Amino acid sequence: MKDSKKIKEECMNNECTMNNVENETNDECINITLEELEKDGLVPPSDFNSETEPTSLLDAIDFVNDTLQRYMNILEEFDFADCHGSALDYLARRLQITPIEAFLFCVCVDEGPNNITFTDFARKLELSKARAMSLATHLDSLVRNRLLSMSNNHWGEMAYKIPNRIIRTLTTNTDYQPPKRKFNDDEALLVYFHGFVADINNFNMNQEMVFEEVEELLNENKDLRICREIGKLGLLEQSVLILLLFCDKLVSSNDSEVTFCDLGDLFPNNQELYNVRMAMRSGRHELMREGLVEHFCYNGIADTGVFSLTIKARKKLLANIKLTRGEEKLDGVLKSATIAPKELFYSDRVSKQVNDLQHFLESKKYKEIVERMKKRYNRSGLTCLLYGGPGTGKTETVYQLARETGRDIMAVDFSQIKSKWVGESEKNIKGLFDHYRKLVEKAKVTPILLFNEADAIFGVRMTGAQRSVDKMENSMQNIILQEMETLNGILIATTNLTENLDAAFERRFLYKVQFERPDESVRVRIWHQMLPELSENECKALGRDYDLSGGQIENVARKFAIDGILHGEESGDRLNLLHELCGSECINDNNTNARRVGFVA
């Protein structure tokens, strides 16, 4: 911008000054000339001073843009660093930004709902493209203060726009509060970070701006534990960003699982996200090498697409944040509250044993027993084997015990544990017990580790095994035996084939309950419960004539209900139909006697 001294010199050297009275002084001539030049729009005013201070944000913006239109033709010589004036100072104060940022903000507002690129800035301000691009630092500052959003237009050029929430601020003439980055505690910092993650996409922040924000956040809060501990780790910027996301999700949502979809919120650049995914999937990422993040486990099997903070990271970073253990999500378990109640019928002997087991598992009594066992230096883990023929209620008993005592169940899926790759099966079974230990540590009430149909893995070990498969089976069984010795929790196994059970496993089960096929009196009660529409005599006839297990009676009841839906409830003699169904259920019933293992009633 031309200064007044230069203009005065030009005016004094101009022979046309003229048209003035001869006896007027040179100073008067200069003043008249400056006033006329300014009035004619040949030079800009010395600043963006309005005659009176604006009374609203929109009035100030309107004044700046009007002034800008009048003097656009000489802005190439305008020094943006000298932006000042009552209108810009008013905006800077109300929006808590610098005067030059206020000037650029006004230019963006004048574009309305349209994006404005550096090409648009150059055209609008009569600047060269290079000069317009030199304003990028100030525009980025406006984005970081959430006054502008960024995007790329169809040609890939960076563009800026006024967000809708800022338009509401302007129309309501309310003072704008920029993001606060100084906090009194760790939890408040993570609450801010949670909103910041959403703003990354809402304002289309680039990676450099995101890293700058995180760096400022850590520097502003060096006295907080989470920032202090992260600083000690010496991590890369990218790793710090990801680590904060893990902490935020656990604290704000009580959710320990982080997926690649969650990570996508942090990385607008697809190539950057791809690199992170590959490093984390393979376990090579810095956070995983440092033992801060691990693959999430479902029933001990690692999911390479889901991640969680390690216990080490939680203790180091979140020690000052109280995580309610009862509310924290327990992953990979069946919730006790979701188990439907079901009445079960046992013989007197089995009923007594199941009742004793339920009494043992009640929370208060269980804690008392565990504490007493520890004081006597005995193993505190509860191991129980439920064995007997199929359909006798073993698995359902475990579910009902869990429901009655408020214990979640971690059920083992053997198909996921066994792998064709050498060493993977052993690693999976070890991971299963590691995961259960974490559940016990996090849970308010100790969950049950259930090995259903345990004969698939608790079989007799091979002596002098030569084949790799046999060696793998032996290794897995040895790991289980060792884990049962040091178990801190509740392990229940069910099996139909006790003759295949290794003696070492039999010894390690503290309680052993044999489930026998129901006698006639119990069968009658089961028939009545399954088909309450039957008469007492019908139930007695079915119970007397067919030696079925509870599971088989349930199958008959289900088929009877389906037949009623298909053919109508009154389609024929229901007792004859039930006899027919019972007969077909008995076809493959080889009621073999399994050997008993040593439970003393």
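Two strands are taken to pair if DSSP finds at least two bridges between them. Helices (H or I, at least four residues) and strands (E, at least two) are DSSP runs, numbered from the N terminus. This is a predicted model, in which local features need pLDDT of at least 70, side-chain atom pairs count only at pLDDT 80 or more, and totals for chains, interfaces and linings use all residues. Residues are numbered from 1 along each chain as its sequence is written, and side-chain values use heavy atoms, with hydrogens and water left out.

An open sheet is formed by three strands in the order 1-3-2, with antiparallel pairing. Strand 1 and strand 2 are the edge strands, each pairing on one side only. The two pairings are set out below.

| Pairing | Residues | Bridges | Opposite residues |
|---|---|---|---|
| Strand 1 with strand 3 | 116-117 and 158-161 | two | Ile116 and Tyr160; Thr117 and Ala159 |
| Strand 2 with strand 3 | 149-152 (strand 2) | four | Met150 and Tyr160 |

Helix 5 (residues 99-110) packs with helix 8 (residues 136-144) at an angle of about 85°, and their axes lie 10 Å apart. Axes are lines fitted to C-alpha atoms, for helices over the stretch in contact, and angles run from 0 to 180 degrees between N-to-C directions. Helix 5 is therefore roughly perpendicular to helix 8 (65 to 115 degrees). In the contact (heavy atoms within 4.5 Å), helix 5 contributes Ile100, Glu101, Leu104 and Phe105, while helix 8 contributes His138, Leu139, Ser141 and Leu142.

Terms used
Angles under 35 degrees count as roughly parallel, over 145 as roughly antiparallel, 65 to 115 as roughly perpendicular and the rest as oblique.
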